Amino acid sequence: MRITPSKFVLMIFISLWLGGLGFGQTLQIDRLKANYLIAFVDFARWDGQLKTEIATIGILGSKDLARELLKITHSKTEGRELKVLQLKEGETEGLNRVDILFVGSGYEKQWKLIKEHCKDHSLLLVGEQREFIEEGGAIQFAFKKNRLRFYVDPKNAESQGVKLSSKLIELAIE
């Protein structure tokens, strides 16, 4: 079968268009995760206190999610100040400056280090990989019926020095 130049251009256009749809969907998922992370600040208490002035969300392993968070936090002008900190693999000093840590897929090797840190600092751990809750995370994103949802484990959160509100627990997948 001979491919003419016009068919070749059409195939490239279709593949770019379909690829763009996947990229757009990924950005929408990152935007949803970013909004959830911001909302989690309002539904958690660190050492019994609500974050009223500044809350810092750390991101380990998802540059697109960090970018979405930055867009959202820069557009918000009222209420509490939100900061976003992009962490690098193996970085431990940045953990001292965050209230919520999102751990992206592929960072299971850092679990031991992160969990050790949680013993001394209040830190809400949020992740997306399977078995995140079983490994000690407090909130795990998951897709159910093509919707982004989340699981929570209040006991894991409390072991991290964070108490989750009953409203957040009600919203979670059982």
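## Contacts of Ile-100

Contact here means heavy atoms within 4.5 Å. In this predicted model, Ile-100 has contacts with Leu-37, Phe-40, Val-41, Trp-46, Thr-56, Ile-57, Gly-58, Leu-123, Leu-124 and Val-126, leaving aside its neighbours within four places in sequence.

## Nonpolar cores

The largest nonpolar core holds 31 residues. Those that touch the most other members are Leu-37, Phe-40, Ile-59, Ile-100, Leu-124, Val-126 and Ile-139. Helix α1, residues 5–42, gives the most to this core, contributing five residues.

In soluble globular proteins, nonpolar side chains tend to be buried together.

## The sheet

The sheet is open and is formed by six strands, with mixed pairing, in the order β3-β2-β4-β5-β6-β7. Strands β3 (81–87) and β7 (147–152) are at the edges; each has a single partner strand, so one side of each lacks a neighbour in the sheet. From one strand to the next, the twist averages 25°.

Strands β2 (residues 54–60) and β4 (residues 100–103) run parallel and are joined by four bridges.

Definitions and conventions: Residues are numbered from 1 along each chain as its sequence is written. This is a predicted model: local features need pLDDT of at least 70, side-chain atom pairs count only at pLDDT 80 or more; totals for chains, interfaces and linings use all residues. Side-chain values use heavy atoms; hydrogens and water are left out. Two strands pair if DSSP finds at least two bridges between them. Helices (H or I, at least four residues) and strands (E, at least two) are DSSP runs, numbered from the N terminus. Axes are lines fitted to C-alpha atoms, for helices over the stretch in contact, and angles run from 0 to 180 degrees between N-to-C directions. A nonpolar core is a set of buried Ala, Val, Leu, Ile, Met, Phe, Trp, Tyr and Cys residues joined through side-chain atoms within 4.5 Å. Buried means under 20% relative accessible area, exposed over 50%, partly exposed in between (1.4 Å probe, protein chains only).
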